[in-house]
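Please open the structure in the viewer and keep the selection tool at hand.

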Amino acid sequence: MPDARSPSRFRRGERSPANDTMRVLVTGADGFVARHAVSLLQTSGADVVGSVLNQGDAKDIFVPLQTLDITDAAACRAVLRAVEPTHVLHLAAASSTTWSFAHPEETRRVNVEGTKNLLEACAALPHPPRVLVIGSGEEYGPNDGSPLPELPLAQLRPLSPYAQSKVEMERLIEREPRFQAFTVRTRSFPHFGPGQKQGAFTADVASQLAAIAAGDRSPVLRVGNIDTVRDYTDVRDVVRAYQLLLERGMPGEVYNVASGRGVIMRELLGELIRRANVRVRIEQDPDKTRPTEIPVLVGDNMKLRAATGWEPTIPLSRTLPDILTWWRAQEQLTVKRQAGA
């Protein structure tokens, strides 16, 4: 019997008829979402291989790892030949909207050219894997505030270099029948949860609250724009949607991954403060605001539900305490490291 980790040759997107095992390559395996995805896929019995830009950042990821810079076409071909996945969850990306304003060319290079390199490498395999490519709800741009269905590319109005790169990535796929034949796309709305690093709203707030509670920071909470409305989904629900789309998504199609409900950021902030049980003064931080902002961004998830049976199951009442608990633990680790220095 062949080893479970030996190269497999399935038809694209199919599981092995012999052992019903998905062999999944997760790109950007050291990222916030990817770590949750790797855990879920392993628990579900998939054979998981990760790719990372720097193995030194992935010492706590316990799956086989390949070093991969997706902007290197030759490296993409080598890794895909070595792994021969049945499925690819493509999470390697330049994913910060704020960062993209200062680095538009690098954002495009990673998100568009890097994705093209990966898809070309997949297409060159004898049996191309099914690939889930992650886009963003930010692609929609300004709207009337109603839950957004999966609009065609011509109706998208991206406002940031990040969102523009995701639209261009989708356009690349739609122009190329080879890629459409094995690629499923998402437009993922904001997601959060334990393990998310600073740079995201809830992580920024929770990290400050943990430091304030520990006495390591003055009781001043610095925030950006808190008057927008966003559609938040727990990352653990998001990766479950990704797993289902890998299995059941229709190649060539795009699916919103969203809760379908909006929350005002001011209310989210207030709930985090209440649960942290600290007294703070709130100050606006110009460095945390974007040059352009979408007032309301909420997704319609009916297409995803119909295709996979998915629905979000983890409420804010669980996610927010989990985020705060994670950041309190990070604060304690920081204190211990400083004490041992």
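**Two helices**

Select α7 and α9: these helices are roughly parallel to each other, because angles under 35 degrees count as such. The model is a predicted one, in which local features need pLDDT of at least 70, side-chain atom pairs count only at pLDDT 80 or more, and totals for chains, interfaces and linings use all residues. Residues are numbered from 1 along each chain as its sequence is written, and side-chain values use heavy atoms, with hydrogens and water left out.

Helix α7 covers residues 201–213 and helix α9 residues 265–276; they pack at an angle of about 30 degrees, with their axes 10 Å apart. Axes here are lines fitted to C-alpha atoms over the stretch in contact.

Next, select F201, T202, V205 and L209 in α7, which meet M265, L268, L269, L272, I273 and A276 in α9 (contact means heavy atoms within 4.5 Å). The residues of this contact comprise nine nonpolar, one polar and no charged.

**Aromatic pairs**

The whole structure holds four aromatic pairs (ring centres within 6.5 Å). Select Y140 and F189, a stacked pair (planes under 30 degrees apart) with 5.9 Å centre to centre and 25 degrees between the planes. Y140 lies in the loop between β5 and α5, and F189 in the loop between β6 and β7, 49 residues apart. Both Y140 and F189 are buried (under 20% relative accessible area).

Finally, select W326 and W327, an edge-to-face pair (planes over 60 degrees apart) at 5.0 Å centre to centre and 90 degrees between the planes. W327 counts as buried at 11% relative accessibility.

Methods. Axes are lines fitted to C-alpha atoms, for helices over the stretch in contact, and angles run from 0 to 180 degrees between N-to-C directions. Helices (H or I, at least four residues) and strands (E, at least two) are DSSP runs, numbered from the N terminus. Angles under 35 degrees count as roughly parallel, over 145 as roughly antiparallel, 65 to 115 as roughly perpendicular and the rest as oblique. Ala, Val, Leu, Ile, Met, Phe, Trp, Tyr, Cys and Pro count as nonpolar, Asp, Glu, Lys and Arg as charged, and the others, Gly among them, as polar. Rings of Phe, Tyr and Trp (its six-membered ring) pair if their centres lie within 6.5 Å; planes under 30 degrees apart count as stacked, over 60 as edge-to-face and the rest as tilted. Buried means under 20% relative accessible area, exposed over 50%, partly exposed in between (1.4 Å probe, protein chains only).
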